[in-house]
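Dear colleague,

I am handing over the structure we spoke about, and I would be grateful if you could look through it alongside the notes below.

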Amino acid sequence: MNLKRLRILQEGKDKIGPVVYWMQRDQRAHDNWALIYAQSKAIEKNTSLFVVFNLVSNFLDATLRQYGFMIKGLQEVEGELCRHNIHFVLTVGDAEIEIPKFLESINASLLIADFNPLKISRGWKKSVADKIDIPFCEVDAHNIVPFHQVSAKQEFAAYTIRTKIHKLLPEFLDELPSLQKMKNNINQVKIEWKKIYDLLNVNKDVKEIDWLIPGEMAAHNILQEFIKNKFTKYATDRNFPTHDAQSNLSPYFHFGHIAPQRVALVIQPLTENEESHKDFLEEMIVRRELSDNFCFFNKNYDSFEGFHPWAQESLNIHRKDKRDYIYDLEEFELAKTHEDLWNAAQLEMVASGKMHGYMRMYWAKKILEWSKSPEEAMKIAIYLNDKYELDGRDPNGYTGIAWSIGGVHDRPWFERAVYGKIRYMNYNGCAKKFDVKKYIQKHLR
Ligand SMILES: Cc1cc2nc3c(=O)[nH]c(=O)nc-3n(C[C@H](O)[C@H](O)[C@H](O)COP(=O)(O)OP(=O)(O)OC[C@H]3O[C@@H](n4cnc5c(N)ncnc54)[C@H](O)[C@@H]3O)c2cc1C
């Protein structure tokens with residue numbers, strides 16, 4: 001592995017004992033740089049390898065919908081790791097308590113985690129580091145160009161990060177080694193997954209969905225289906241909410257069921273459709289890595305204070321503008337606005353767990369237009385996005401919402417009421433672009 005993927009979080013005493021990979025964001029057995037590195041260290045030290053996942057029973061208000069998807073994916077991980085003689089352990093509770101306790105119980109010698117720019121994960125790592133004295137490092141298994149290699153500051157927009165990423169891609173877009181079978185057989189204690197569900201202290205009213213199957217194998221099938229049926233029309237059709245041209249990979253990326261690097265390696269040779277090739281890799285590599293950049297370098301990624309000064313200033317000037325409609329959280333949540341298009345988008349998300357990408361922009365911008373203040377709009381959009389989207393609680397979500405409501409990574413536009421210089425979208429624009437009636441009929445039923 002290219003050691004530029006690795007970052008030392010804490011030096012520590014060199015001792016004998018198992019190597020542990022603390023799996024968080026990258027919940028898969030294959031194509032996982034953090035696991036690949038952990039395995040190489042275990043083999044080098046001639047010791048056993050443990051993967052531990054700490055289940056927090058109420059993570060960022062996630063519901064049964066997201067927990068169900070995640071737990072089923074983890075069951076597959078358990079099976080795959082077991083086949084490779086790698087222990088898989090599930091702990092439940094506060095990471096800062098459970099992880100050190102587990103490390104001590106097996107007398108671990110090295111801890112490796114994957115990378116996540118969100119505050120909550122960074123907080124856990126810091127608390128764990130404070131409590132342990134073994135070496136602790138982090139491997140970016142999510143981004144193709146490792147996060148800390150791309151940039152050391154918050155990037156202004158896609159155009160400022162794009163060249164940096166493209167310059168480094170040839171170095172990092174390499175083939176991933178296969179997971180090896182460890183030589184000593186293990187006695188894997190079977191996890192009682194049914195009991196795990198009972199431990200969850202989450203909202204069970206938001207039901208699991210059945211149109212996407214969780215897990216690593218399903219993620220690869222979705223990728224193949226995308227290539228077979230949608231890829232050629234990706235460039236032309238992906239922004240049409242009534243056309244099924246997006247990949248549907250975001251839930252799998254979010255839970256780490258598939259590596260963006262694997263997807264890029266599969267897509268890379270498909271150069272026949274030049275536009276789709278370019279556009280898809282732009283979204284999946286540049287835009288996605290830009291979201292990580294925003295969330296890591298801007299601790300206010302989920303609030304008004306995280307917007308660029310031009311946007312804050314402009315929204316402040318228009319704070320008192322008369323709003324034609326003002327809705328509260330409940331009215332938004334129950335899709336009780338005056339507008340059928342917005343209500344349809346909300347219901348698409350509530351029912352399916354995945355709103356079309358184009359509608360996400362429209363949906364968030366109207367929340368700005370119909371809320372008391374931009375702060376309130378941010379809160380409502382994040383709450384709903386994280387509650388219903390399968391891919392919610394993700395850097396892409398916080399960044400997409402900050403783009404829509406606060407002009408993050410965008411530029412100032414013509415000034416208008418409420419929005420100030422934030423880019424505006426309206427119903428008529430949608431009606432000119434796509435078959436709004438068809439979309440409404442489909443989701444308002
Ligand atoms: C208000 C708002 C909220 C959003 N919330 C989320 C969210 O919670 N989780 C999430 O993953 N994405 C979010 N996005 C970004 C984007 O809409 C989704 O990633 C995309 O629609 C997911 O569907 P797909 O995988 O089928 O996309 P495809 O079009 O097939 O794209 C492939 C991949 O490229 C990446 N990508 C595509 N568009 C973007 C983008 N605008 N920014 C960053 N990466 C992108 C994603 O990783 C995506 O899976 C949000 C965007 C907005 C405007």
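What follows describes the ligand and its surroundings.

Please bear in mind that this is a predicted model, in which local features need pLDDT of at least 70 and side-chain atom pairs count only at pLDDT 80 or more, while totals for chains, interfaces and linings use all residues. Residues are numbered from 1 along each chain as its sequence is written, and side-chain values use heavy atoms, with hydrogens and water left out.

The ligand is surrounded by 27 residues (a heavy atom within 4 Å), and the closest are Tyr234, Ser247, Asn248, Ser250 and Asn385. Among the polar contacts (N or O pairs within 3.5 Å), a side-chain N or O atom of Tyr234 lies 2.6 Å from a ligand oxygen, a backbone N or O atom of Asn248 is 2.7 Å from a ligand oxygen, and a side-chain N or O atom of Glu283 is 3.2 Å from a ligand nitrogen. Of the 840 Å² of accessible area that the ligand has on its own, the protein covers 92% (Shrake-Rupley method, 1.4 Å probe).

The largest share of the shell, 6 residues, comes from α12 (helices are DSSP runs of H or I, at least four residues). Domain 2 (143-175 + 214-297) and domain 3 (304-444) each contribute at least three residues to the shell, with bounds from an automatic or database domain assignment.

Best regards

Key. A polar contact is a pair of N or O atoms within 3.5 Å; within protein, one must be able to donate a hydrogen and the other to accept it, and residues adjacent in sequence count only if both atoms are side-chain atoms. Helices (H or I, at least four residues) and strands (E, at least two) are DSSP runs, numbered from the N terminus.
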